[in-house]
Every structure is written in structure tokens, then in C-alpha cells.
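Subject: Structure handover

Hello,

Here is the structure for you to look over. My notes on what turned up follow below it.

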Amino acid sequence: MICNNSLVRQAMLVALLLLPSKAMAEVRAIFDTVGGTVHVSGLDATRRGKLLGDPSNVFFQHSTVQSRHSMAFSVAENKDTLVIKPRFKLRPGANYLLRLELGEVEKFETTVSVQTTRSAPPELVWHAPHNTLIPQNTLRLYFMFSEPMAKGQIRDAIRLERTDGTIVHSPFLNLAAELWDREQRRLTLLFDPGRLKQGVGPNRTDGAPLQAGQNYVLVISGTMKSADGEHIDKEVRLPLAVGSAERRALDPDNWQINAAKPGSKDPLVVHFDRLMDRGASTRLITVVDPSGNAIAGKVENDGYSWQFTPNNPWRALARLRIDPGLEDVCGNTMRAPFDANPGTIGKRVEAVEFEIY
């Protein structure tokens, strides 16, 4: 009898182990080149629900990466298919390990291959300041690319040259700490603040990276590549002419504000008295209604002028709101100049508002 019970237990264990294999036999994982997603078919609603409810049961990682941590992704459902969307594009020609934990003894594991397809070379879409003439103490530069770009290449891929071809030594701040946006398309490049501020150590020893009255070329090497490994078509050369430094605090009273006609959808146009930081002025200048709520519309901004076109006709009592964190291209704010004298404390500034009508 004991022998029979033992045999029964062994048979039940074998059956338990075999059932998942049979249940998982039709599961398939295919990479969708159009959407950049992995589609898993063959899972029943219960198993899909388990994975959707707890995505930690999904492991997805490059096959050569020795890590217990999965890459970042989201999980969704499309009809009877589980869709895994990686946060970043997968590498063409690479293999990825996919593992689905569905229970103590039920697991699906496979290799997902990404086909090798040559994508379009990345391009520089825009840069700011776009103006060729910039102040000597310009603090930030922005670059927007058509594709997500690889990290860790800026030190070698971007340089500043004088017109005679000599290279300006270390003009930028700590290129090892690259400032990309979430999608890795927009790069913020900072000139070394220590070399911009008058009288501090780096400024005394190395001088300002840019000198007023001189011309330079900002060079983006053709070796710069996207996250997919595609190089830009050719070297990009952006000419820069350098004017006098701007060391005044911001004062919106010096701006020219051209209001539109009430009841129309004509744009509101603001002309600045200097070159503004494109990112800050796009984000920190808004138009609000009498309740302080932002009015929906389209913003166009080239650094010297800011234009707002409302989605709906203008109504009375609309106001232009300027956040105190606003900066010009040299880092000057309404509180104080960026290059204020040592020990100077910037004044406390609240948001500034102008009645449009």
C-alpha cells in the first residue's frame, strides 16, 4: 500500500510538471519592427491577467547583459496578445532574453531576435541659440536630434574651434555628466560656469571660453551616433559670432508687448530686450485667464521674440505671466545677474503679470 501511494505521488508530480509544458507549447514571442514592440501570443486570459497585474513577472534583457534586473518596459494587452514595449529602441541584430514567470513551476523562456534593418541616419533638427551672434557669457546651448542618441559620446563628439582651426580647451562643464531629456533627443550643453564668472578660480586661470569680437565654430563630429548605432551623415559646423557679455538682471518692463485684438485669434507677441534662454522662456512664460488658469494655445519662440496664438478667440482680462525662474541665455534672472558680485544676495521676486487688455 505504501508502495502504491508512493507511485501515485510520483505520477501526480510528473503530471504537474508536464502540464505547464503542454500549456505553454503554443506560446510565441515575435518582435514587431514597425512598433518596436514584442508580441507574445498563445497565453490565455488568466495568464495575461497575471502578467498585466504584476509586470515584475516579466524579465526582458539583452542576452549579453549579466544582470538580474530587467530593462525598462511597459506591458499592455491587444486583444489576445501581450504587448511588451521597451522604453528605448532595441538594437538591430541583437538577441534578447524574454522570461515569463507564471507560477512556481510554470515558466516560458525564449530568445527574441531583432532583425538588422538600417534606419535613417540621425540629424540635428534644431539648435539654440539659433542666432549666430551670442553674448560672450552665454551659459547654455540646446541641440535637438531626430532620433534618440547614444550616451557617453559628447566629450569626443562636440568641440569648439576658433576660426584658425585651433580647439578651445575644456569650454564645457563636465561632459561626462550628459544632460539629455527623457527621450535622449534633446541635449543641454553648459559652458563651464567657473570660467564665465569674473574673478573666480577657473576664470582667472583659463579665462572665458568665448571672447567678445571673436568668431568660433561649434563642431558636431560625424562620428556622433544614435542609440541604434547609426552615425550622423556628416560633420555639422555651426558658426558663432561673439558679442559683449550680458550681466544685467532681467526686467520685463523693458520688453515690448504687442497685444492682439479682443475677440480675434491673432497672436500676442513679446519682443525681448536681449537673447533669452529658449527652453526657459518657452516653459516659464504663460498666458492666464482671470482665475489664473493657463489659456491653451501655440507658442513660437526664437529667443528674441515670443509669440502666443490662442486656440480660442481672446477674451477680456487675459494676463501675461512671467515666472521668477525665467533666465536669459546668460543665466540672468529677475532676482539677480548670473555674474553678480561675490556676496550679493538676489532680491526676492514673485511672478510678474501684465494685463493684456
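**Pockets and cavities**

The largest pocket has a volume of about 530 Å³. Please keep in mind that this is a predicted model. The lining of that pocket comprises 23 residues. Nearest its centre lie Gly-36, Phe-88, Lys-89, Leu-90 and Asp-228.

Searching the whole structure gives two cavities of 30 Å³ or more. The second largest cavity comes out at about 30 Å³. Its lining consists of His-127, Ala-128, Pro-129, Leu-141, Phe-143, Leu-218, Leu-238 and Leu-240. Strands β8 (124–128), β10 and β15 each give two or more residues to that lining. Seven of the lining residues are nonpolar, one is polar and none is charged.

**Nonpolar cores**

The largest nonpolar core has 31 residues. Which of them touch the most other members? They are Phe-143, Leu-160, Phe-172, Leu-218 and Met-224. Two or more core residues come from each of β10 (140–145), α3 (154–157), β11 (158–162), β13 (186–190), β14 (215–220) and β15 (236–243).

Phe-143 and Leu-218 line the second largest cavity, and both are among the core residues that touch the most other members.

Phe-172 is worth a look on screen. Beyond its neighbours within four places in sequence, Phe-172 is in contact with Leu-141, Ile-158, Leu-160, Leu-189, Leu-190, Phe-191, Asp-192 and Leu-218. In that set, Leu-141 and Leu-218 also line the second largest cavity.

**Helix α2**

Helix α2 covers residues 45–53. Arg-47, Arg-48 and Leu-51 are buried there. They span an arc of only 100° around the axis, so they sit on the same side of α2. Ala-45, Thr-46 and Gly-53, on the other side, are exposed.

**Gln-61**

Gln-61 belongs to strand β3 (residues 58–62). Is Gln-61 buried or exposed? Gln-61 counts as buried, because its relative accessibility is 11% and the cut-off for buried is under 20%. Leaving out residues up to four places away in sequence, Gln-61 touches His-69, Ser-70, Met-71, Tyr-96 and Leu-97.

Best wishes

Note on methods:
Residues numbered from 1 in each chain as written. Predicted model: local features only at pLDDT ≥ 70, side-chain atom pairs only at ≥ 80, totals over all residues. Heavy atoms only, no water. Buried < 20%, exposed > 50% of the residue type's maximum accessible area, 1.4 Å probe, protein only. Helix = DSSP H or I, 4+ residues; strand = E, 2+ residues; numbered from the N terminus. Arc of directions from axis to C-beta. Core = buried A, V, L, I, M, F, W, Y, C linked by side-chain atoms within 4.5 Å. Contact = heavy atoms within 4.5 Å. 1 Å grid on protein atoms, 1.4 Å probe; cavity = no way out; pocket = protein on both sides within 12 Å on 5 of 7 lines; lining within 4 Å. Points joined across faces, edges and corners; volume = space filled by probe spheres on them. Nonpolar A, V, L, I, M, F, W, Y, C, P; charged D, E, K, R; others polar.
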